[in-house]
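Notebook open, model loaded. Here is what I looked up, in the order I got to it.

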Amino acid sequence: MNISHLLDTRLTAAMRALGLPETAAAQVKPAANPDFGDYQANGVMSAAKQLKINPRELAQQILAQADLSDIAAKAEVAGPGFINIFISPEWMASQILAIAGPNSPLIQTADPAQTVVVDYSGPNLAKEMHVGHLRSTIIGDAVANILGYQGHRIIRQNHVGDWGTQFGMLIAQLEQLQTRDPSDDAAPKLADLEAFYRQAKQNFDADPDFAALAREYVVRLQSGDAQCLTLWQQFIDISLRHCEDVYHRLGVKLTRGDVKAESAYNADLPQVVADLRAQGLLTEDQGAQCAFLPELANKDGSITPIIVQKSDGGYLYATTDLAALRHRNAQLKAKRILYFVDARQGLHFQQMFALARKAGFVDADVELEHCAFGSMLGDDGKPFKTRTGGTVKLVDLLQEAEQRAFTLISEKNPDVPETERREMAHKIGIGAVKYSDLSKNRISDYVFNWDAMLNFEGNTAPYLQYAYVRISRILTAMAETETPPKFEQENNAENRAELAAELKHPVERALALTLLQFGEKLHTAGRDSAPHILCAYLYDLSGAFMRFYENCPILKEGVTENQRRPRLLLAQLTARTLKVGLGLLGIETLERM
């Protein structure tokens with residue numbers, strides 16, 4: 001249920017019936033102050049200004065025209081022309097009961113559903129994943145989960161870097177080892193791909209003969225040389241295993257089947273260039289094939305070219321990305337394509353999208369979005385590094401998160417068996433790392449802080465995981481009584497009346513309304529590719545439940561059955577919503593902490 005959308009649709013329809021122009025909209029949003037209603041329509045004043053009429057009078061006309069009787073207990077004009085709407089307890093009770101069953105959907109399915117391609121993670125397969133890959137991986141995965149839960153068809157694409165000079169270096173390094181000692185097994189050395197790459201890079205920079213050999217191998221590789229392809233495949237397999245281990249540990253839903261590497265588009269690159277040239281979109285500049293787009297001119301009138309083929313005949317990221325766009329449009333039939341790549345690549349995507357549209361590589365109705373994100377910073381305000389200034393391997397970061405969580409859990413629960421504490425530490429540690437990132441606006445930089453993310457209070461994963469545990473304990477306690485009251489109720493008149501009576505209590509009403517807002521928060525999070533909106537919602541939901549539980553006891557003596565049943569229903573639905581919401585973020589819940 002998207003209450004904002006429902007109310008906006010009805011009020012906007014009333015505005016049309018009164019002859020207001022298509023540009024006029026109700027602009028319904030949740031009210032900031034519950035004293036002034038649950039929802040507020042803010043669009044009347046701008047519409048009245050366009051028509052040069054009194055906004056309060058127009059608001060009264062809109063309310064008279066709109067039929068909100070089944071939803072609102074009261075709707076009134078306030079201030080200069082706001083419309084304040086108070087949702088009726090009876091309507092809320094009906095909606096709560098409609099989603100309360102264990103198999104009932106918590107939200108309405110998107111209509112129409114879209115085919116959405118989500119491009120995320122995309123590590124360079126010449127090296128192991130590092131902390132710089134964290135944000136793309138977990139933000140992209142969370143958005144894919146959110147959109148998929150809404151009913152959209154999601155196609156995950158892991159556009160890994162598996163082509164280029166770095167692989168020439170690695171092949172040359174591997175051959176050098178085998179030439180020195182053919183009996184030497186390179187597998188142990190390749191297991192630490194980062195160290196292997198570092199040694200190859202040192203040789204490339206220091207030894208001109210090695211560098212020349214590496215470049216030769218690149219040419220041979222791109223020409224389809226069988227021996228080079230065999231050696232290259234070794235690196236790809238090892239790298240992908242590293243990635244898959246990280247994805248598994250993170251709980252990210254990327255598989256080998258989602259990999260669509262740079263090399264997958266290699267055969268199409270000459271055709272991309274040929275098609276651009278045929279349309280007159282390319283200009284030769286110093287031997288390179290470039291596209292100059294006047295619409296992307298700089299303030300001084302200069303144009304930064306898009307190079308699609310180098311003077312030596314080689315191709316660049318732009319060429320591969322254009323081929324990928326064309327594939328996603330023509331073969332995958334995408335209507336929305338999301339790229340989770342850091343903000344520094346903004347110009348690249350702006351150029352690529354503009355050129356792809358101009359060349360007809362994507363249909364006019366396809367949405368292309370660069371979902372940029374900021375950097376993860378250390379305490380010094382600089383990009384997160386090791387204490388010695390080196391790159392932090394992502395697997396090392398995750399290992400430390402689990403170990404820190406294990407230490408905290410062992411202090412709190414020393415009597416819990418170690419195997420269970422390890423399992424708890426995995427869920428809490430990984431959840432803390434992910435939530436700390438996902439709860440921030442993705443376009444912002446943020447400072448990585450172990451103490452803050454593992455805190456059991458405040459807007460953190462451990463706090464939300466513990467909130468779920470507390471509610472589960474209540475439900476378990478009730479289930480263990482001899483005659484537990486039925487709280488999975490049918491949506492009939494008797495149950496609606498019983499629940500509606502309880503929803504006249506302010507904190508119960510606030511919890512119920514928050515539960516019903518899950519759908520609209522998911523809609524906004526998916527539309528804006530903004531998981532932090534879901535994080536903020538889950539934190540608000542847990543807070544609403546705590547206030548409810550403090551003021552509306554469930555297990556205490558003196559609580560009547562007519563009170564207990566609705567309260568248990570709200571508790572059960574809160575637990576389920578927290579579990580689903582955290583799951584969409586890729587965070588696991590626990591049964592005890």
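Where does Ser121 sit? I find Ser121 in the loop between β5 and α5 (134-149). My helices (H or I, at least four residues) and strands (E, at least two) are DSSP runs, numbered from the N terminus.

Ground rules before going on. This is a predicted model, so I take local features only at pLDDT of at least 70 and side-chain atom pairs only at pLDDT 80 or more, while totals for chains, interfaces and linings use all residues. Residues are numbered from 1 along each chain as its sequence is written, and side-chain values use heavy atoms, with hydrogens and water left out.

I looked at Ser121 for its phi, which is near 75°, a positive value in a residue other than glycine. Ser121 is buried, with a relative accessible area of 7%. For me, buried means under 20% relative accessible area, exposed over 50%, and partly exposed in between (1.4 Å probe, protein chains only).

Ser529 also has a positive phi, about 50°, and is not a glycine. I place Ser529 in the loop between α20 (518-527) and α21 (531-551), and its relative accessible area is 0%, which makes it buried.

Then there is a cis peptide bond between Asp111 and Pro112, with omega about 5°. Pro112 belongs to the loop between α4 (89-100) and β5 (115-119).

**Strands**

Which way do β5 and β6 run relative to each other, parallel or antiparallel? They are parallel, with five bridges joining β5 to β6 (residues 153-157). I call two strands paired if DSSP finds at least two bridges between them. Val118 stands opposite Arg156 in β6.

With α5, these two strands make a right-handed β-α-β unit. Right-handed here means that, with the strands pointing away from the viewer, the path from the first strand over the helix to the second runs clockwise.

Next I checked an open sheet of three strands, ordered β7-β8-β9 with antiparallel pairing. β7 (283-285) and β9 (306-309) are at the edges with a single partner strand each, so one side of each has no neighbour in the sheet. On average, neighbouring strands of this sheet are turned by 45° against each other, direction ignored. The axes are lines fitted to C-alpha atoms, for helices over the stretch in contact, and angles run from 0 to 180 degrees between N-to-C directions.

β7 pairs with β8 (residues 288-291) over three bridges, and Glu284 has Gln289 in β8 as its bridge partner.

I also looked at Ala291, found in strand β8. Ala291 is buried at 0% relative accessibility. Not counting residues up to four places away in sequence, Ala291 touches Leu281, Leu282, Pro305, Ile306 and Leu355; contact means heavy atoms within 4.5 Å.

**Cores and cysteines**

Which residues touch the most other members of the largest nonpolar core? They are Ile87 and Leu397, in a core of 159 residues. I define such a core as buried Ala, Val, Leu, Ile, Met, Phe, Trp, Tyr and Cys residues joined through side-chain atoms within 4.5 Å. Beyond its neighbours within four places in sequence, Leu397 is in contact with residues including Val131, Phe384, Phe448 and Trp450. Another core lies apart, with 34 residues, among them Leu276 and Ile337.

Last, I counted disulfides (cysteine sulfur pairs within 2.5 Å) and got zero. For Cys535, the nearest cysteine sulfur is that of Cys371, 16 Å away. Cys535 is buried at 0% relative accessible area.
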